[in-house]
Each structure stands twice: as C-alpha cells, then as structure tokens.
Amino acid sequence: MRRPWRLDLRMARYLLAQKAKRRTHFPFVTMLEPLEACNLRCAGCGRVREYAAVMDRRLAGDACLEAVHASGAPIVSISGGEPLLHAEIAAIARAIIEERRFVYLCTNGLLLGETLDRFRPSPYLSFVVHLDGTEAVHDRVTARPGTYRTAIAGIRQAIARGFRVSTNTTLFRGSDVEDLHRLFSTLTAFGVEGLMVSPGYAYRDATDQGFFLDRQESIEVFRRVLDPAKGYRFYNNPLYLDFLRGERDVDCAAWTTVTYTVLGWRKPCYVLADEHVEDVQELLNPALWAAYGPGRDRRCANCMMHSSFEGASILEAFSRPRDLLTVAREERRG
Ligand code: SF4
C-alpha cells in the first residue's frame, strides 16, 4: 500500500495557503497526547518519567478537538503514552477524520490487534507502530519479552483488514544496522506503507543517557541505515533523509509540530518542555525561536528530531523549486 495522493495534495495546498497569508511560523502537525500512561517503560522514553505525577489524567474528546482546531494543522499525530489505552481513542480519531484531517495513531502495537474492531479503515487514518529492531533488540529496548511478536501480529492483522500501517524506528547508540535492515525487509514484505526513522533525543528524564547518539554519531549510523542501494521505502521526505546523512543542513523549525498534552502545549517543542502553556500561538511567535535550536541552546546541539528538522526541510523545499521537484519525485516513486 502506498501513501494516499490526497495527503500530498492537502499538504501542498495548506503550505501554499500559509505562504499566501505570509505566515512564517505555522504547524504542519498537531502532536496530540491524550494521555501519558503507557503499558511499557522503554529505556529511551522521557514521557513516562516526565509526566509521572499526571499518569492518571486523560484528555476528553472535546479538549482534543479544541487543540486540533487551535493548531489548524492538516495532520494530527496521536501519541502519548500509549493512545490505545484511552477509552475514547476511537471516537477521538473518528471526530478528527470527519474533519478530513489525516490521523497518524502512534502505538507500541501491544493492543493493536485487540482494538481494531473499534476503528474503520480510511485513507485519513494510519497506525504507526513503533519498532526499534527485530525480536531480540526490540524486546530488550522495551524491557519486556514478547513485545515484538505481539506488535508484528497486530501489524499483520491491521494490514489484512485494510488499514494503512507505517512504522517508526528510533536509533540509539549501539543500534545494529544489519538488524535494522532485517527489520525493514520484514516490514516491507508485510506491506507496510512506509518506514519512519529518527534519532533518539537525550531526554533529561530518560534513565540511561549513554543510550543516545551525538549528532556526528547519528550521521555516521544513518549513512549506513539509509543506504539507497537497499531500496527501502522511507516515509520521511528525501530532504530530511539527506539531513540525517549529513548531506544537507537545515535549522530547527520545531513550530512545524506543536504538541498538546494533559498539561497543555509543550513549550518550546516536542522534546523540550520548559513550560506548558494554554495558547498555541505562543509556540508560533517567531521571537521565541531566537532562543532555541542548535547553537542557541545547548540542549539542542545533538537534536535531529523529525518533529522539527523534517518540517524545516519541507519549508526549504518550498523556497527552492529544484528541492520541491526532488520531494515530489520521491514521494510518488513508492
Ligand atoms: S533543536 Fe532544540 S528546539 Fe529544536 S526540536 Fe530540537 S530540542 Fe527542540
């Protein structure tokens, strides 16, 4: 299955409309975290520790929709925590889809198979299952045996029932490139729509800080992982993949993904929360970004997160016709 053409069309129209309004800072993606509770405690995850005091909180459906409207982005990525633990998750996703926004429901896959009956296949809905390697590697990262097999079973059921499914893989220090290629081959054979990749971010609250790659290490690993000769269909846009391989530099554009949580909007970005605020416009204020990004805040030095640099590369493409052609060609290649 390939990515729906209407997503690319919608994004192109949205970006052109923002340009026509002369907006420089606007979101592409609303990252919606309707709960922070999770059924795993992965070593590289900051959320389950950062939000430990509010693990019992859930965003109601109305609050989720208000956040989606306040942001206005055409793509809504629902994450957490584990969103499939939220009792109203199917109704929340359905309400967003009814507005013809594209929902990416990010899950560790443990509950995917048993919750599929609550969803209906749609070009506007994709499950994104997080997998960090094949069985031994993934089960080690999630610190629980059996997580890989359960997630894979969920992926296969979802695809067999006509759902769009992508995967997301985080790279850490010690990620085994051959193992990742085996994982990508397996997932490709199952018919996933695309493979997303991103380096892990060294969350202050993550238990093992030695787990994370610095920027140069990330580039070296990604050069091997993203080997074009392998022919894998990566979901990230080709300019961001160039950035991960160290072949292109872009600045942080973290306002392209705004994150709403049980405590409000994370400010400044998906990975840093110096505070939580009520008004998303605070994140879209150009003055804020004079203080954040590589070279401006030491916590940004090694960050290569797709939530900010992928958006930055798309913005760059829209100001350079040759880059735009590259993106268009690669997106349709799949
Ligand atoms: S570079 Fe800094 S501000 Fe930008 S996304 Fe990364 S951590 Fe956030």
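These are my notes from a look through this predicted model.

**The sheet.** I started with the strand order. Nine strands make up an open sheet with mixed pairing, and I read the order as S6-S5-S4-S3-S2-S1-S7-S8-S9. The edges are strand S6 (194-199) and strand S9 (273-277); each has a single partner strand, so one side of each is left without a neighbour in the sheet.

**S2 and S3.** Strand S2 (residues 75-78) and strand S3 (residues 102-107) run parallel, and four bridges join them. Within this pair I found valine 76 opposite valine 103 in S3.

**H7 on the sheet.** Which strands does helix H7 touch? I got strand S4 (125-130) and strand S5 (164-171) for H7, which spans residues 147-160 and packs on the sheet. The direction of H7 makes about 160° with that of S4.

**H6.** Then I went to helix H6 (residues 135-142), where Val137, His138, Val141 and Thr142 are buried. These four cover an arc of only 120° around the axis, so they sit on the same side of H6. I checked what covers them: H7 is included, and so is helix H8 (177-190).

**The ligand.** Last, I listed the surroundings of the ligand. There are 15 residues around it, and Cys252, Cys269, Cys300, Cys303 and Ser308 come nearest. By type, I have the shell down as 11 nonpolar, two polar and two charged residues.

Definitions and conventions. Residues numbered from 1 in each chain as written. Predicted model: local features only at pLDDT ≥ 70, side-chain atom pairs only at ≥ 80, totals over all residues. Pairing = 2+ DSSP bridges. Helix = DSSP H or I, 4+ residues; strand = E, 2+ residues; numbered from the N terminus. Contact = placed C-beta atoms within 7 Å. Axes fitted to C-alpha atoms, helices over the stretch in contact; angles between N-to-C directions. Near = placed C-beta within 6 Å. Nonpolar A, V, L, I, M, F, W, Y, C, P; charged D, E, K, R; others polar. Buried ≥ 20, exposed ≤ 12 C-beta atoms within 10 Å, placed from the backbone. Arc of directions from axis to C-beta.
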